[in-house]
Amino acid sequence: MKKTTGTTQTVWMHGLDFPATTALMQDITCDICVVGAGISGLTTAYLLAKEGKSVVVLEAKAIGGGETGRTTAHLSNALDDRYDILMKTHGEKQARLAAESHTYAIRKIEEIVKEENIDCDFERLNGYLFLQPSDSEDQLDKELEATRQLGFDKVTRLKKTPVSTLSDGPCLCFPDQGIFHPLKYLIGLSRAILDMAGQIYTDSHVISFEKENTLHRVKTNSGFAVTANQVVVATNTPVNDWATIHTKQEPYRTYVVGVKILPGAIPNALYWDNSDPYHYIRLVKDDHPDNAGAEEREYNIMIVGGEDHKTGQEDNEQVRLDCLEEWVREKFPMAGDVVYRWSGQVIEPQDYLAFIGRNPGEDNVYIATGDSGHGMTHGTIAGVLITDLIMGRPNAWASLYDPGRVTLKSTPEFLKANLNVAAQYKDYVTPGEVSDPAEVAPGTGSVIRRGISKVAVYCDLNGQRHEMSAVCPHMGCIVSWNEVESSWDCPCHGSRFDKHGEVLNGPALKGLGKPA
Ligand SMILES: Cc1cc2nc3c(=O)[nH]c(=O)nc-3n(C[C@H](O)[C@H](O)[C@H](O)COP(=O)(O)OP(=O)(O)OC[C@H]3O[C@@H](n4cnc5c(N)ncnc54)[C@H](O)[C@@H]3O)c2cc1C
Ligand code: FES
């Protein structure tokens, strides 16, 4: 799978049978235009198509070419920001609704898998929240108490974590969590949408949103447009909103290594620690022929994620992957070869809840963002909630996830995050990383200073240097080179660009310009 937001390949990206799709090559009209074919966009399109709406999906890359193809696909209602914190920030009633919405989302995925007969390895299993040596048991007690208060009566405290090398201390066990293969699930959703006469266009990058009276015109890079009564922007981070939402959430890079492990070496379950940044672990059956090895023994892949940092604010991304691998070796001495190393992006809302619903100030434009590490369930919640809003039905989660909400208790986080963004503009006055393009090594990129401008220089493997402006077209921060994904990443709101400056992740709608 080539058209994705990174150059690394994930455990999901092989042996897939995508439905045939093309770019948008004519102007068309429909009830609802959904932008983005990740789990949020396709779940929304699927549920709206089931309501009898005519739906068109526009996707810049391939189906699942965004973060849904880079996920680890834990389906969990054990929220990683912890219910104890959620209750303090939003109150018990809202925290209960959040818990219910994620529980519902896992059930909804299970229901869709059955109804559409999607062969995507969906399974129910336990999830274990364990402690690192630096954590205290008190954290587990508080979380257990919070979950009990919210009605999770099946969560239990175990004296020992099931994998003793991981932790020899206690853990919380959350039953009825889930796993699946995210891209096989999206393929199933796509086929169902197409069967209901929905339309999906790939290689169709949306470059503008215009309003003509009550109608919305969504224009793509081919020059053709979709005219719709309603628009759902499910691009992971909204590409239609210039500022409002981006001051309320922050982009993080997160890393994954996949190692071979013999079946039965650890119980098939989800594992999460409570550290910052945290680690997340699960097993996958791998059938990639390249990984078979000479021994031809049956094995699973254990995928371990973590080492998150703010996008564009790390000098050495490769070191993050190395640290993660070191952690895996220490915690799982029985693990075999590393066969996958990849990274992706998560969007962390400052008050810990996603933003799903009407775009602030607009009646017929909807967004789904702020997924944090729970985008599989948040994306499914988005499908259900946005469908209800469009169908004019009440939904108990509407105010909880309202993108226009103000959560006073998150104000210090808001200030801290926006001071961090303001601090990134210092890059205008700092020297370049190197002083001469000739110093940029083949296969890498660096930012240089030229007069009062900053220029991003990529040197290809033949030694040819390509120059582009280092100024992010979103709000003007200076990008930095990401050596793991060979991309230019913006430290302010997470826009990313490929080595030649083409846009990979919003909020930017266009690529890096010519150097000044
Ligand atoms: C390493 C990693 C591990 C994770 N683990 C988990 C986990 O275990 N459990 C969990 O629940 N969540 C997890 N997440 C989060 C989850 O994967 C994401 O939140 C989720 O996939 C986001 O889905 P989405 O549909 O909102 O966005 P995406 O899947 O990114 O889809 C958005 C789509 O919009 C397209 N697009 C963007 N701009 C445009 C444009 N201008 N025009 C047209 N199309 C556009 C993109 O190409 C993309 O395909 C993880 C994320 C990462 C990176
Ligand atoms: S993403 Fe906002 S300035 Fe770059």
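Biologist: Where is the place of Pro-507?

Modeller: This is a predicted model. Pro-507 is placed in the segment after strand E24 (503-505). A peptide bond is read through its omega angle, and here the bond that joins Gly-506 and Pro-507 is cis, with omega at about 10 degrees.

Biologist: Which residue has a positive phi of about 55 degrees although it is not a glycine?

Modeller: That residue is Asn-117. The loop between H3 and strand E4 (123-130) holds Asn-117. Exposed residues have over 50% relative accessible area; because Asn-117 has 69% relative accessibility, Asn-117 counts as exposed. Tyr-352 also has a positive phi in a residue other than glycine, near 75 degrees. Tyr-352 is found in the loop between strand E15 (338-349) and strand E16 (355-358), and at 22% relative accessibility Tyr-352 counts as partly exposed.

Biologist: Is Asp-138 exposed, partly exposed or buried?

Modeller: Asp-138 is partly exposed, with a relative accessible area of 43%. Asp-138 has its place in helix H4 (residues 137-149). Separation can be read both in sequence and in space: Asp-138 and Arg-70 are 68 residues apart in sequence, and their C-alpha atoms are 33 Å apart.

Biologist: How is the packing of two helices to be read, and at what angle do H1 and helix H5 (residues 182-195) pack?

Modeller: One reads the angle, the distance between axes, the handedness and the residues in contact. H1 and H5 pack at an angle of about 30 degrees, and their axes are 9 Å apart. Angles under 35 degrees count as roughly parallel, so H1 is roughly parallel to H5. The crossing of H1 past H5 is left-handed. From H1, the contact involves Ile-39, Leu-42, Thr-43, Ala-45 and Tyr-46, and from H5 it involves Tyr-185, Leu-186, Leu-189, Ser-190, Ala-192 and Ile-193. By class, the residues of this contact are nine nonpolar, two polar and no charged.

Biologist: In which crossing does H1 pass H7?

Modeller: H1 passes H7 in a right-handed crossing. Helix H1 (residues 39-50) and helix H7 (residues 375-391) pack at about 35 degrees, with axes 8 Å apart. Among the H1 residues in this contact are Ile-39, Thr-43 and Leu-47, and those of H7 include Gly-379, Gly-383 and Ile-386. The contact of H1 with H7 has eight nonpolar, eight polar and no charged residues.

Biologist: What is the angle between H3 and H7?

Modeller: H3 and H7 pack at about 85 degrees, with their axes 9 Å apart. Angles of 65 to 115 degrees count as roughly perpendicular, and H3 and H7 are therefore roughly perpendicular to each other. Residues of H3 in the contact include His-102, Tyr-104 and Lys-108, which meet H7 residues including Met-376, His-378 and Ile-381. The residues of this contact divide into seven nonpolar, five polar and one charged.

Biologist: Which residues touch the most other members of the largest nonpolar core?

Modeller: In soluble globular proteins, nonpolar side chains tend to be buried together. Here the largest nonpolar core has 83 residues, and Leu-42, Phe-180, Tyr-185 and Tyr-401 touch the most other members. Helix H3 (residues 92-115) gives the most to this core, with nine residues. A second, separate core has 24 residues, including Ile-261, Ala-269, Tyr-271 and Met-302.

Methods. Residues numbered from 1 in each chain as written. Chains lettered and ligands numbered in written order. Predicted model: local features only at pLDDT ≥ 70, side-chain atom pairs only at ≥ 80, totals over all residues. Heavy atoms only, no water. Axes fitted to C-alpha atoms, helices over the stretch in contact; angles between N-to-C directions. Helix = DSSP H or I, 4+ residues; strand = E, 2+ residues; numbered from the N terminus. Left-handed = near helix turned anticlockwise from the far one by under 90°. Contact = heavy atoms within 4.5 Å. Nonpolar A, V, L, I, M, F, W, Y, C, P; charged D, E, K, R; others polar. Core = buried A, V, L, I, M, F, W, Y, C linked by side-chain atoms within 4.5 Å. Buried < 20%, exposed > 50% of the residue type's maximum accessible area, 1.4 Å probe, protein only. Parallel < 35°, antiparallel > 145°, perpendicular 65-115°, else oblique.
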